[in-house]
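Please open the model in your viewer and keep the selection panel at hand, as this tour goes from one selection to the next and says what is to be found at each stop.

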2 protein chains.
Amino acid sequence: MKDTAQDRQPWLDPVTGTCPVGETLRLLRGKHGPSVLHCLMAGEMHFLELTRALDGISRKVLTAQLQEFERSGLVARIEKHDARRRVGYSLTGKGADLGAILSQIFDWSQAHRDRAATR
Amino acid sequence: MKDTAQDRQPWLDPVTGTCPVGETLRLLRGKHGPSVLHCLMAGEMHFLELTRALDGISRKVLTAQLQEFERSGLVARIEKHDARRRVGYSLTGKGADLGAILSQIFDWSQAHRDRAATR
DNA sequence: GCAATTGGGCACCTTTTGGTAACCGGAGGG
DNA sequence: CCCTCCGGTTACCAAAAGGTGCCCAATTGC
């Protein structure tokens with residue numbers, strides 16, 4: 001019997017050898033990541049629109065975040081070859097599914113805003 | 001007209017002056033935070049049980065995380081004055097509600113484990 | 001020609017986060 | 001008396017994350 005990683009950790013993805021849950025959590029650990037997805041729930045937005053909507057995020061971090069979301073298939077990047085060469089970002093189906101879950105966290109936060117710290 | 005913070009940012013909690021959503025997101029940004037809540041969804045656990053279940057978390061980080069969750073009213077700390085003076089941790093109602101949402105993220109991760117990276 | 005807009009990239013720095021290892025204190029066992 | 005278990009705490013260090021400021025390229029408007 002070969003004692004494989006799969007035997008010891010059956011939750012690991014057989015293809016990538018990583019834990020899909022861990023990957024997802026890592027994806028959402030950024031300071032602004034969830035907010036980016038939440039913004040995009042309202043529809044496609046341009047890069048600079050996002051920087052303004054998120055209030056405080058730097059362009060560096062936003063580009064990095066969007067690229068990571070794109071790699072993970074949560075967000076689609078659309079180059080408009082129109083006048084201003086602006087770039088649109090919108091959620092994929094996967095991204096929208098995850099965004100819907102995040103919306104529940106937003107709702108939970110509002111529902112428990114009473115004595116949130118219960119001090 | 002006094003232009004108050006409430007007028008400019010109506011999502012701020014009128015009592016604490018903080019954004020409840022931001023506070024929640026900050027609560028979940030830790031590397032192990034969501035996993036801790038997920039563990040406790042199965043029921044009360046002792047401190048060392050958690051360190052073993054989480055595989056890799058240090059006692060320092062786990063204590064800090066549990067204290068933060070306790071301050072936020074997600075987790076209850078129960079000192080057992082029995083032989084081994086062990087300490088139990090369990091979810092409050094609030095904590096269980098949030099844990100249920102996190103479970104959906106776990107489910108999402110499993111559902112999208114096919115080509116998660118879509119490289 | 002010159003400035004502004006848009007979406008980046010890059011170098012540098014600070015802050016945050018997490019791990020390691022050591023120590024502690026009370027209870028129990030031998 | 002000494003050792004072990006449990007739940008911490010502390011000091012120290014490394015890595016990750018994020019912000020700032022500067023540069024760049026293509027295009028439009030003046």
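Before the first stop, a convention is needed: helix axes are lines fitted to C-alpha atoms over the stretch in contact, and the angle between them runs from 0 to 180 degrees between N-to-C directions. Please also bear in mind throughout that this is a predicted model.

**Stop 1: two helices of chain A.** Select helix H3, residues 33–40 of chain A, together with helix H4, residues 47–54 of chain A; their axes come within 11 Å and cross at roughly 115°, and the crossing of H3(A) and H4(A) is right-handed. To see where they meet, display the side chains of A:Ser35, A:Val36 and A:Cys39 on H3(A), which are in contact with A:Leu50, A:Ala53 and A:Leu54 on H4(A). By class, the residues of this contact are five nonpolar and one polar, with no charged residue.

Stop 2: Next, select the three strands of chain A that form an open sheet in the order E1-E3-E2, with antiparallel pairing. Strands E1 (45–46) and E2 (75–79) are its edges, each pairing on one side only. Zoom in on E1(A) and strand E3 (residues 87–91) of chain A, which pair in the antiparallel sense over two bridges, and there find A:His46, which stands opposite A:Gly88 of E3(A).

**Stop 3: where the chains touch.** Show both protein chains and select the contact between them, to which chain A brings 27 residues and chain B 26 residues. On the side of chain A that touches chain B, helix H2 (20–27) and helix H6 (93–111) of chain A each supply at least two residues, and H6(A) gives the most, with 10 residues. Coloured by class, this side of chain A divides into 11 nonpolar, nine polar and seven charged residues.

**Stop 4: DNA strand D.** Finally, select DNA strand D and the 19 residues that surround it, the closest being A:Lys31, A:Ser58, B:Phe47, B:Leu48 and B:Arg86. Two or more residues of this surface come from each of helix H5 (59–71) of chain A, helix H4 (47–54) of chain B and helix H5 (59–71) of chain B, and H5(B) has the largest share, three residues. The surface near DNA strand D is made up of eight charged, six nonpolar and five polar residues.

Conventions: Residues are numbered from 1 along each chain as its sequence is written. Chains are lettered from A and ligands numbered from 1 in the order in which they are written. This is a predicted model: local features need pLDDT of at least 70, side-chain atom pairs count only at pLDDT 80 or more; totals for chains, interfaces and linings use all residues. Two strands pair if DSSP finds at least two bridges between them. Helices (H or I, at least four residues) and strands (E, at least two) are DSSP runs, numbered from the N terminus. A residue is near a molecule or strand if its C-beta atom, placed from the backbone, lies within 6 Å of it. Ala, Val, Leu, Ile, Met, Phe, Trp, Tyr, Cys and Pro count as nonpolar, Asp, Glu, Lys and Arg as charged, and the others, Gly among them, as polar. Two residues are in contact if their C-beta atoms, placed from the backbone, lie within 7 Å. A crossing is left-handed if the near helix is turned anticlockwise from the far one by less than a right angle, and right-handed if clockwise.
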